[in-house]
Amino acid sequence: MAKARVLLGFAIGHRGQEPGLSNEDMGFYAAANWSEWNCHLLQYEIAQVVRRVGFKAEHIAGEGGLGLWLHTQELVRQYLDILQSWGVNLSTAEYYVLCHSSHWSGCLWFLKKELVARGVTDPRIARLPVKVRYDYKSWQWPTRSFVHLAVPKVLRGIQSLWRRDISVRDVLRYFLGR
C-alpha cells in the first residue's frame, strides 16, 4: 500500500436507533472529504451516516449496532491491529482523527501511547477541524455531563504535570494563548 492516510472515527453518544447530532456532523464531514484518506476506520454510529450518502468504511468498529460502548483505548488497539493486518506501516502512516472536541485529548493520548508501544517513535496525528454539535438529547447524557467531561481532564492534566509530560508554562500558554 502507498503511504497510508488513515481516517480514525470516534463516535460520541447516540439517539437510540439514530446516530445523533454529533455523529451526524462527523459522518457528513468524512463523506465530504472521503478521497483525502486511503484507509477509513469508523465507529458504527459515524459509519451509519457515511453509508447514507454512499460511502462504506473499510472497517467499522461496533458493527453490532448503536450504543455498543467501546473504551477509547480498546478502539485504538482494534484500529491499529486492523491496519497492521492490512500491511500498513504504522511508522509512516498519517493519522487523521475524527472526534468531538471533548474526546480529543483521550483519543490523542491513547493513540500516541499505543503507537509508541508498537515502535512508532514520531507519529503524525491530527484532529480534523470538524465542528461537532453537543447532542443534549443523546441517550448517553449521564456520561456527557460537565462533571463527567471535566473531572477526568483535570485529573489527567495533574497527572501529566506530575509525570512532567507538560509544564506549568505549557498550561499557562494553552489557557492564556501566549
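Biologist: Which residues have the most contacts inside the largest nonpolar core?

Modeller: This is a predicted model. Its largest nonpolar core has 25 residues. Those with the most contacts inside this core are V6, F10, L83, Y95 and L111.

Biologist: Which element gives the most to this core?

Modeller: At least two residues of the core come from each of strand 1, strand 2, helix 3, strand 4 and helix 4. The top contributor, with five residues, is helix 3.

Biologist: With which residues is L111 in contact, leaving aside its neighbours within four places in sequence?

Modeller: L111 is one of the residues with the most contacts inside the largest nonpolar core. With those neighbours left aside, the contacts of L111 are L8, V76, L80, Y95, V97 and I125.

Biologist: How many residues has the other core that lies apart from it?

Modeller: Among the members of this other core are A11, M26, Y29 and V50.

Biologist: Why are the buried residues of helix 3 on the same side?

Modeller: The buried residues in helix 3 are T72, Q73, L75, V76, Y79, L80 and L83. An α-helix has 3.6 residues a turn, so residues three or four places apart point the same way.

Biologist: Against which helix do the buried residues of helix 3 pack?

Modeller: Their partners include strand 1 (5-9), strand 2 (39-43), strand 3 (59-61) and strand 4 (94-98). The helix they pack against is helix 4 (104-117).

Methods:
Residues are numbered from 1 along each chain as its sequence is written. This is a predicted model: local features need pLDDT of at least 70, side-chain atom pairs count only at pLDDT 80 or more; totals for chains, interfaces and linings use all residues. Side-chain values use heavy atoms; hydrogens and water are left out. Buried means under 20% relative accessible area, exposed over 50%, partly exposed in between (1.4 Å probe, protein chains only). Helices (H or I, at least four residues) and strands (E, at least two) are DSSP runs, numbered from the N terminus. Contact means heavy atoms within 4.5 Å. A nonpolar core is a set of buried Ala, Val, Leu, Ile, Met, Phe, Trp, Tyr and Cys residues joined through side-chain atoms within 4.5 Å.
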